Amino acid sequence: MSSRPLANSELGWLAYDPAPESASLARLAPSYGLFIDGAFTDPGAHEQTATLNPATEATLATVAHATAADVDRAVRAARHAYDTVWSATSGAERAKYLYRIARLIQERARELAVVETLDNGKPIRESRDVDVPLAAAHFFYYAGWADKLEHAGFGPDPRPLGVAGQIIPWNFPLLMAAWKLAPALAAGNTCVLKPAETTPLSALILAEILQQAELPPGVVNIVTGDGTTGAALVDHPGVDKIAFTGSTEVGRVIQARVAGRGTHLTLELGGKGANIVFDDAPIDEMIEGIIDGIFFNQGHVCCAGSRLLVQETVADEVLRRLRRRVEQLRVGDPLDKNTDVGAINSRTQLDRIEELVAAGENEGATRYSSSCALPERGYWFAPTVFTDVSQSHRIAREEIFGPVLSVLTFRTPEEAVAKANNTTYGLACGVWSEKGSRTLWVAQRLRAGVIWANTYNRFDPTSPFGGVRESGFGREGGRPGLAAYLDV
């Protein structure tokens, strides 16, 4: 594949004027304390950590760093709320709180979208059209389940577990908080939530929403900090359930630490998803599906379709169209509504991406990167496609968690399945074909928790999501998402 950038006349580009959303909608405080027992602590009473805008490297706010003593206080508040209030609250009343939270998320949707984009670096149209609406949808959905648990197939009297410790990642901060809090609260548990160190702000705005909803004090507590804060939560003997979304490496550590304690555990970990394209796939839809599968949220998606498996007979045409489409992606200001690919979340993650891309080149793969101009400040990486990739290359085996696609080819469905399953992960895969029988044949043989057919990155609160093998265990979303927070 030639690496010559295509001229604007070849691409048929149209010029877009900037269409920025206003950063002033965020209304952020200069500093934040912890949210424990229904109230924010004094920020000055804790060590503070700056949270940055990855697009500019400017400080957005400073956030308290919770110690083990702070975590203990949060767990005790959650236990007190569970024993005295929440376990005695009827399902119908719990539903009212969840519904109220969902409505308040909708009312503050524009503000939340701006906060998420500033803190995370993702394009505003993704925050506005995906993250925030889905967060509200999860609270709405589980509000409907809260008074129907005895009819959910878990026995006549399913009981909550107690106090849930929940640790969420930086790629979908608000959405991951909703994924975990909504089913836990619907099932009757109380929670201690720990957001990621680099993206705590939307969780803290959510704490304000919980106050607006008049959720009883202690039902949800939010402790900010780094891995030491998360470790204190995992190790706390007063926590009945740990739910973790993050890297496979940290997931292994958590599983070892809770082993033998009787603590319930669900893990949603890394992935190296295969997007399988057969020669009869509708090519225009499929190209957009490939783009969405890997460049959505800068590739900061655990289920990203980071391995593209293309049938040899259409490989040249698919790659030609794919390169053209990559060159059209707009990279830049995440607050601009025209932006397709925003900023990489942190310097640490950018370094990781650059290391693996360099390894791909050194191992003999052919790199094509968009010719887009990158801003001088902030953390940026141009959308990149690798061809001439072999199964042994690091870029085909390791999770890059960035806007980098590795392309491999296959001849037969059997070979496609073998290559797709040749990974330690098992979170998600996609299959593109007009033949339903072929799609089902392949899907039944793929070792992954989620299979998409002729689409990619489709999420719905009614549908369970989770992985197998080193992508974790347990499910979030749908009725199975309730089971993770019930003694069944």
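**Exercise 1.** How many residues apart in helix α2 are Arg 76 and Asp 72, and what does that spacing amount to in helical turns?

*Solution.* The structure is a predicted model.
Step 1. Locate the pair: both residues belong to helix α2, which covers residues 68-84.
Step 2. Take the spacing: Arg 76 and Asp 72 are 4 residues apart, so about one helical turn separates them.
Step 3. Check the contact against the cut-off, a side-chain nitrogen of Lys or Arg within 4 Å of a carboxyl oxygen of Asp or Glu. The closest N and O atoms of Arg 76 and Asp 72 are 2.8 Å apart, and the pair forms a salt bridge.

**Exercise 2.** Describe how helix α14 packs with helix α15.

*Solution.* Two packed helices are described by the angle and the distance between their axes.
Step 1. Find the helices: α14 spans residues 413-421 and α15 spans residues 436-445.
Step 2. Read the geometry: their axes come within 10 Å and cross at roughly 35 degrees. The crossing of α14 with α15 is right-handed.
Step 3. List the contact residues. On α14 they are Pro 413, Glu 414, Val 417 and Asn 421, and on α15 they are Trp 441, Val 442 and Arg 445.
Step 4. Sort the contact by class: 4 residues are nonpolar, 1 is polar and 2 are charged.

**Exercise 3.** Which residues lie nearest the centre of the second largest pocket, and which elements give two or more residues to its lining?

*Solution.* 
Step 1. The second largest pocket contains about 530 Å³ of space.
Step 2. Among its 21 lining residues, Arg 125, Val 130, Asp 292, Phe 296 and Tyr 456 lie nearest the centre.
Step 3. The elements that give two or more residues to this lining are α5 (124-145) and α10 (283-295).
Step 4. By class, the lining of the second largest pocket comprises 10 nonpolar, 3 polar and 8 charged residues.

Key. Residues are numbered from 1 along each chain as its sequence is written. This is a predicted model: local features need pLDDT of at least 70, side-chain atom pairs count only at pLDDT 80 or more; totals for chains, interfaces and linings use all residues. Side-chain values use heavy atoms; hydrogens and water are left out. On a 1 Å grid over the protein atoms alone, a cavity is a set of points where a 1.4 Å probe fits but cannot get out, and a pocket is an open set with protein on both sides within 12 Å along at least five of seven lines; lining residues have an atom within 4 Å of a point. Grid points are joined across faces, edges and corners, and a volume is the space filled by probe spheres set on the points. Ala, Val, Leu, Ile, Met, Phe, Trp, Tyr, Cys and Pro count as nonpolar, Asp, Glu, Lys and Arg as charged, and the others, Gly among them, as polar. Axes are lines fitted to C-alpha atoms, for helices over the stretch in contact, and angles run from 0 to 180 degrees between N-to-C directions. A crossing is left-handed if the near helix is turned anticlockwise from the far one by less than a right angle, and right-handed if clockwise. Contact means heavy atoms within 4.5 Å.
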